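Here are a few notes to go with your first look at this one. Keep the viewer open as you read.

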Amino acid sequence: MSKKLKIVILISGRGSNMEALINAAASPDFPAEIIGVISNNPDAKGLEKAKEKNIKTKIINHKNYDNKQDFETAIIEYLALLKPDLICLAGFMRILSSDFIKHYPNKIINIHPSLLPKFKGLNTHKRAIEAGEKESGCTVHYVTPEMDAGPIILQRSVTIESGDTEETLAKKILEQEHKAYPEAIKIIHRNLL
Ligand code: GRF
């Protein structure tokens with residue numbers, strides 16, 4: 001596939017990984033374009049950043065729906081308008097149902113702040129330090145119904161120093177996340193050739 005991948009990014013908060021993808025896509029050589037950002041959180045800081053960069057944004061607030069299925073149907077309906085090739089979760093804090101995930105086989109990817117399969121779920125940095133790990137990092141992976149367990153596309157690691165705290169480790173890993181996510185998109189595009 002030589003044409004650019006059309007990407008929609010799902011966020012819930014700060015949106016720094018979203019921003020890294022938008023910035024990467026600003027380069028003419030990057031094999032993808034960001035065609036929209038969806039946030040479940042109307043107050044997500046990332047929404048402002050996306051708007052500043054002239055990316056179409058959409059709030060689909062889970063609190064406005066009676067149940068998860070209706071919330072996910074609203075996302076599916078909006079995605080049907082945008083027709084993305086790839087859906088990138090970037091700090092999206094809702095767990096998607098397996099029905100939703102099965103609706104988009106091999107089309108949903110996520111970035112997770114640990115070297116999976118270690119430290120699935122939340123509070124990864126604290127758990128990595130407490131476990132006495134010498135390294136941690138980030139993983140970009142396909143999303144499958146089992147949480148944080150889908151096929152790995154790419155990982156980047158950092159050394160955990162003896163003085164590292166949850167905050168310093170988070171900062172070091174976030175820098176790697178911002179490199180890893182655009183790199184993973186390049187890998188996916190290359191594999192589709
Ligand atoms: C990142 O650490 C990401 O790995 C995790 O949530 C955080 C989101 O940060 N899934 P941001 O919203 O991209 O700044």
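This is a predicted model: local features need pLDDT of at least 70, side-chain atom pairs count only at pLDDT 80 or more; totals for chains, interfaces and linings use all residues.

1. A polar side-chain atom of Arg14 sits 2.6 Å from an oxygen atom of the ligand. Gly15 comes in with its backbone instead: an N or O atom there is 2.8 Å from a ligand oxygen. For Ile111, a backbone N or O atom lies 3.0 Å from a nitrogen atom of the ligand. On its own the ligand would expose 370 Å², and the protein buries 85% of that.

2. Who else is around the ligand? The surrounding residues are Arg14, Gly15, Ser16, Asn17, Gly91, Ile111, His112, Pro113 and Glu177.

3. Next, the largest nonpolar core, which has 37 residues. Ile9, Cys88, Ile109, Val140 and Ile185 touch the most other members. Helix α6, residues 166-191, gives the most to this core, with seven residues. A separate core of 20 residues lies apart from it, with Leu79, Leu82, Ile87 and Ile108 among its members.

4. Leaving aside residues up to four places away in sequence, Val140 touches Ile109, Asn110, Ile111, Ile152, Ile153, Leu154, Ala180, Tyr181 and Ala184.

5. Now have a look along α6. Its buried residues include Leu169, Ile173, Leu174, Glu177, Ala180, Tyr181, Ala184, Ile185 and Ile188.

Methods. Residues are numbered from 1 along each chain as its sequence is written. Side-chain values use heavy atoms; hydrogens and water are left out. A nonpolar core is a set of buried Ala, Val, Leu, Ile, Met, Phe, Trp, Tyr and Cys residues joined through side-chain atoms within 4.5 Å. Buried means under 20% relative accessible area, exposed over 50%, partly exposed in between (1.4 Å probe, protein chains only). Helices (H or I, at least four residues) and strands (E, at least two) are DSSP runs, numbered from the N terminus. Contact means heavy atoms within 4.5 Å. A residue is near a molecule or strand if one of its heavy atoms lies within 4 Å of it. A polar contact is a pair of N or O atoms within 3.5 Å; within protein, one must be able to donate a hydrogen and the other to accept it, and residues adjacent in sequence count only if both atoms are side-chain atoms. Accessible areas come from the Shrake-Rupley method with a 1.4 Å probe; for residues, only the protein chains shown count as cover.
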